[in-house]
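Biologist: I have the entry open on my screen. Please take me through what was computed for it, starting wherever you like.

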Amino acid sequence: MNPNSSSLGVDVTFLLLGATAVAMFTPVVGALLRLRKPRVKSPSDAG
Amino acid sequence: MRARSARLERFGAIAQIERPRALVFVDRAYARRVLGVGDAPEEWRDPDDDGAIGKHVLSAPLEAHLQLTNRCGAGCQGCYTGASPAGNDGEWGLREWMAAIDALADAGVFHVALGGGESAALPWLADIARHARARGIVPNLTTSGLDGLDRLLGIVDLFGQINVSLDGLGATYARVRGFDGFARADAALVALRKTKREIGINVVVTRDNFDELDAIFAHARRRRLSEVELLRFKPAGRGARVYAALRCTDDQHRRFLPTILAAARRHRVRVKVDCSYTPMLAHHRPDRELLASLAVYGCTGGDFLVGAKPGGQLTACSFAAPPPPLDDHRPRADELAAYWSRPGAFGAFRSWRDAAEPCASCEYHALCRGGCRVVSAHVVGDDRAPDPECPRVVDHAGAAGARRHLPVV
């Protein structure tokens, strides 16, 4: 899984905290995603 | 938390979260388990692509930087768009930009960054932002804060993030931009922050303001801003004329990462950097897995992001010239889907996998992607060349020069 910031650049503040903090953050984001499943769109549906 | 949408990719899927703001890249197993993706979709036909971010261009950009107008009266000496009070001939209006937003939404774009010129002065800015929201796209805005503020204050909720360009404090602002606009830009920051939390500063970093970065972070903290976004000075627009004088020195580039992280830590302000800074981050050899997990990539023009000029001309990024024509036609923003998968689309911006040395042997190359194509085009005259300001490239060129100058015995 790959958490990314939104537009206008990449957030590098996490470099202060290191891989451990990111590893701890990842399952939290995963759990939040499970709670509110976004609608998945296929690029082949575009038109 | 609010999850908005997700889209399939060859490596898996990308899900957008609005609070906390993030785009989450997941592999196929995770997409099945968490997003509920069912039977093998067409995008997943090659098993070798599973989880392989960067192996292929994305199915569509994540974001589009739309230069809604090139009208701006500020006259900054290094303006990367060469904006002027008259703007460009053939600028698009609301109808054309709404059609472009439709095309971007159909392709699966998540965000647009609206800029200029001075987009805040456009009477239809709210209409385009509302249309983006209606199509599921988050509009963000960059403004000088020098024009259109009263109207903007009434529509701040339409935007995800609003950043005010502030290239220095007090006299430094005047020295970098060529006029004294600090007090007005700062007043805009204060007024915007009174009505919205997601207000930040955009700083174009030059050799003149580098030593003031810590003070800029302190100012952001005083103003209770959500972030400081640092952009490398680019040789585009009027910036090309003053590039040699304003670009950061090699020593400043090498000190960039520790300087900004120290400032972010000291003043407890979030820091973001644009993709052109990745070579300067890699110089300090941070954990590659950590960079990948934060999606810290170098040039992602023509892949993660695209730009559009005021007349709708599609570009690989907001600093790049329109790509070479295909079949005598230069694509417009409303033609994104038709252009995106064409062979040769976006020219050099998609050629990073064929890098020359010293990029080819660099262990960060898959992340850095060879640095900024716009800088390479201006400084080297070859937009496929390694970024000449990357410390590794500077050292490599120095070593090659030393070898060339060995005396013949």
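Biologist: How many salt bridges are there over all chains?
Modeller: The count over all chains comes to 28 salt bridges, where a salt bridge is a side-chain nitrogen of Lys or Arg within 4 Å of a carboxyl oxygen of Asp or Glu. This is a predicted model, with local features needing pLDDT of at least 70 and side-chain atom pairs counting only at pLDDT 80 or more, while totals for chains, interfaces and linings use all residues. Residues are numbered from 1 along each chain as its sequence is written, chains are lettered from A and ligands numbered from 1 in the order in which they are written, and side-chain values use heavy atoms, with hydrogens and water left out.

Biologist: Which residue does B:Arg10 meet in a salt bridge?
Modeller: B:Arg10 meets B:Asp49, side chain to side chain, at 4.0 Å from N to O. B:Arg10 is in the loop between β1 (2–9) and β2 of chain B, and B:Asp49 is in the loop between α1 (28–35) and β4 (63–67) of chain B, so the pair ties together parts that are 39 residues apart in sequence. Helices (H or I, at least four residues) and strands (E, at least two) are DSSP runs, numbered from the N terminus.

Biologist: And is B:Asp49 buried or exposed?
Modeller: B:Asp49 counts as buried at 3% relative accessibility, whereas B:Arg10 is partly exposed at 39%; buried means under 20% relative accessible area, exposed over 50%, and partly exposed in between (1.4 Å probe, protein chains only).

Biologist: What about B:Arg247, which partner does its side chain meet?
Modeller: The partner is B:Glu389, at 3.8 Å from N to O. Since B:Arg247 lies in the loop between α8 (243–246) and α9 (250–267) of chain B and B:Glu389 in the loop between α14 (373–379) and α15 (391–404) of chain B, the pair ties together parts that are 142 residues apart in sequence. B:Arg247 is partly exposed at 27% relative accessibility, and B:Glu389 is buried at 6%. Both belong to a network of salt bridges that links B:Arg232, B:Arg247, B:Asp387 and B:Glu389.

Biologist: Changing topic: how many residues does each chain bring to the contact between chain A and chain B?
Modeller: Chain A brings 35 residues and chain B brings 57, with contact meaning heavy atoms within 4.5 Å. The two chains bury about 4300 Å² between them, 63% of it on carbon and sulfur atoms; buried area is the accessible area (1.4 Å probe) that two parts lose on being put together, summed over both.

Biologist: Which side chains form the salt bridge there?
Modeller: The count between the two chains is one salt bridge, and in it the side chains of A:Asp11 and B:Arg270 meet at 2.6 Å from N to O. On the side of chain A that touches chain B, α1(A) gives the most, with seven residues.

Biologist: Which strand of chain B does β2(A) pair with?
Modeller: β2(A) pairs with strand β10 (residues 271–273) of chain B in the antiparallel sense over two bridges, and two strands pair if DSSP finds at least two bridges between them. A:Val10 stands opposite B:Val273 in that pairing.

Biologist: And what strand order does the open sheet have?
Modeller: The open sheet has 10 strands with mixed pairing, in the order β2(A)-β10(B)-β9(B)-β8(B)-β7(B)-β6(B)-β5(B)-β4(B)-β11(B)-β12(B). β2 of chain A and β12 (314–315) of chain B are the edge strands, each pairing on one side only. Within the sheet, β8 (residues 199–205) and β9 (residues 227–232) of chain B pair in the parallel sense over six bridges, and there B:Val204 has B:Leu231 as its bridge partner.

Biologist: Where is B:Asn209, and what does its side chain reach?
Modeller: B:Asn209 is in the loop between β8 and α7 (213–222) of chain B, and its side chain reaches the backbone oxygen of B:Val204 at 2.9 Å. B:Asn209 is buried, with a relative accessible area of 0%. Leaving aside neighbours within four places in sequence, B:Asn209 is in contact with B:Asp167, B:Thr172, B:Val176, B:Val203 and B:Val204.

Biologist: Last one: how are β2(B) and β3(B) joined?
Modeller: A hairpin joins them through two residues, and β2(B) and β3(B) (residues 22–27) run antiparallel with six bridges, B:Ile17 standing opposite B:Ala22. Of the eight residues of β2(B) (residues 12–19), seven are buried.

Methods
Polar contact = N/O pair within 3.5 Å; in protein donor to acceptor, adjacent residues only side chain to side chain.
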